[in-house]
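Dear colleague,

Here is the structure I said I would pass on. My notes on it follow below.

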Amino acid sequence: MTRLLAFFILIYAGPALADRRIETIFYTPDRVIGLAGHKAIQTMIEFGADEHIENIALGDSAGWQVTPNKRANLIFVKPLMAHARTNMTVVTDRRRYLFDLFNARARSRPIYALRFIYPEPVKLAVVAEPAVVKPLPPPLPINTNWQAKGDKRLIPARMYDDTVNTYIAWSDTTDLPAVLVLGTDGIEGPVNYTAKGDYLVVEGVAPRYVLRIGKASAVMTNLSPAPPRPVAPTATTTDAEKAK
């Protein structure tokens, strides 16, 4: 029973065993590969599927026959005479191979096929270049040093400037007055401004502003030591505007 079982195991296991006439070796660029040739037996040398043969050079082409296939990824090698020994160089579009060809001993094992195992290509880590972070511009200085004089009903609840624009806000119950720039000659002139949220944003920073409703007025004076951005009136004050 045991012998019969061993017989069937040998029958079914036999085809799975590697054939010693097919040799697989690791590819190394600087290795000289010895290949023993047998009379009347050709050896197939198989190169990588991703490469094509560009050149085959033999030291003695009379003693050996070397034939590439049409796809140029195989060559067939066999000796043509006894005691023929030479070297062979194969250059592909990806690699180079060095062979030492010689006649095998009479009873040595012939090689029907020679294949290569290639090392995995080294994958270089992609190092992302650091993003160039532009520095934020320095914050503009805030000046809240404004002096109020005049009708208390027109004096803003909040007023400041950032050396570029002037920001003015009143309480919700206060009627918004006209904002005028007050020149050094005492002449009042209108300025450009826009409404943003609770604030009137006046273009530029003047030394003095006049806040006016009719004949009631208040003067706001900039006490900041920093030189303000000059504000030019948008138009010349007319006699009708002065009479308000």
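Setting aside neighbours within four places in sequence, Ile75 contacts Thr43, Met44, Ile45, Phe47, Ile53, Ile56, Val66, Thr67, Pro68, Met88 and Val90. Please keep in mind that this is a predicted model.

Ile75 is also among the residues that touch the most other members of the largest nonpolar core, which has 21 residues; the others in that group are Ile45, Phe47, Val77, Met88, Phe99 and Phe116. At least two residues of this core come from each of β2 (32–37), β5 (64–68), β6 (74–79), β7 (86–92), β8 (96–103) and β9 (113–117). Strand β8 gives the largest share, three residues. Apart from this core lies another one of 14 residues, including Met159, Val179, Val181 and Val205. As background, nonpolar side chains in soluble globular proteins tend to be buried together.

The other residue I looked at is Asp161, which is found in strand β11 (residues 158–161). Is Asp161 buried or exposed? Its relative accessible area is 3%, and the cut-off for buried is under 20%, so Asp161 counts as buried. Its side chain has two polar partners to report: the side chain of Asn143, in a polar contact at 2.7 Å, and the backbone nitrogen of Thr163, reached at 3.1 Å. Leaving out residues up to four places away in sequence, Asp161 touches Pro141, Ile142, Asn143, Trp146, Thr166, Tyr167, Val205 and Asn222. Of these, Asn143 is the residue whose side chain makes the 2.7 Å polar contact, while Val205 is one of the members of the 14-residue core.

Regards

Key: Residues are numbered from 1 along each chain as its sequence is written. This is a predicted model: local features need pLDDT of at least 70, side-chain atom pairs count only at pLDDT 80 or more; totals for chains, interfaces and linings use all residues. Side-chain values use heavy atoms; hydrogens and water are left out. Helices (H or I, at least four residues) and strands (E, at least two) are DSSP runs, numbered from the N terminus. Buried means under 20% relative accessible area, exposed over 50%, partly exposed in between (1.4 Å probe, protein chains only). A polar contact is a pair of N or O atoms within 3.5 Å; within protein, one must be able to donate a hydrogen and the other to accept it, and residues adjacent in sequence count only if both atoms are side-chain atoms. Contact means heavy atoms within 4.5 Å. A nonpolar core is a set of buried Ala, Val, Leu, Ile, Met, Phe, Trp, Tyr and Cys residues joined through side-chain atoms within 4.5 Å.
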